[in-house]
Amino acid sequence: MKIINGEIVQDNDPRLTRRHSQPTNQRHLTPGAEIDRRGGQAPQNPLNALEKMMGINGKTLTVPAFMGLPEKEVGLIYIMIATLATLIIGWKALVFAVVMYVVNVKSNQH
């Protein structure tokens, strides 16, 4: 017995034999490894498109050094998302953003 499209079928089902007789020249890609057919490259980060729409493409903000962490350039879109999340969710979103920033900087310090 096999399952095809959520349906249990017998081993001698014509759909199963038809499925095995099809050529297997298709490449199986892992999730996130899709190829954009227009340019042959992986699709861009959705935040890049948002940056372009807002007119802040490539703009950064320098976060000063604190708590032994070096200063770092952070994309303005990330600052704006963290600010918006803090306004909507509250101080817990700000704490989460700071913790994620510290983890990011510490993991890149080696």
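What does the protein average in pLDDT, and what share of the residues score at least 70? In this predicted model, the average is 79, and 75% of the residues score at least 70; pLDDT is the predictor's confidence in each residue, from 0 to 100. Local features need pLDDT of at least 70 and side-chain atom pairs 80 or more, while totals for chains, interfaces and linings use all residues. Residues are numbered from 1 along each chain as its sequence is written, and side-chain values use heavy atoms, without hydrogens and water.

**View 1. Confidence along the chain.** Helices (H or I, at least four residues) are DSSP runs, numbered from the N terminus. Residues 24–38 have pLDDT below 50, and this stretch makes eight contacts beyond near neighbours in sequence (contact: heavy atoms within 4.5 Å). Where pLDDT is low, the predicted coordinates should not be read in detail.

**View 2. Helix H3 against helix H4.** H3 and H4 (residues 91–107) pack at about 150°, axes 6 Å apart. H3 is therefore roughly antiparallel to H4 (angles over 145 degrees; axes are lines fitted to C-alpha atoms over the stretch in contact, and angles run from 0 to 180 degrees between N-to-C directions). Ala 82, Ala 85, Thr 86 and Ile 89 of H3 meet Ala 93, Leu 94 and Ala 97 of H4.

**View 3. Tyr 78.** Tyr 78 lies in helix H3 and touches Asn 45 and Leu 47, leaving aside residues up to four places away in sequence. Tyr 78 counts as partly exposed because its relative accessibility is 45% (between under 20% for buried and over 50% for exposed, 1.4 Å probe, protein chains only). From Tyr 78 to Ala 97, the C-alpha to C-alpha distance is 9.5 Å, at 19 residues apart in sequence.

Conventions:
Helix = DSSP H or I, 4+ residues; strand = E, 2+ residues; numbered from the N terminus. Parallel < 35°, antiparallel > 145°, perpendicular 65-115°, else oblique.
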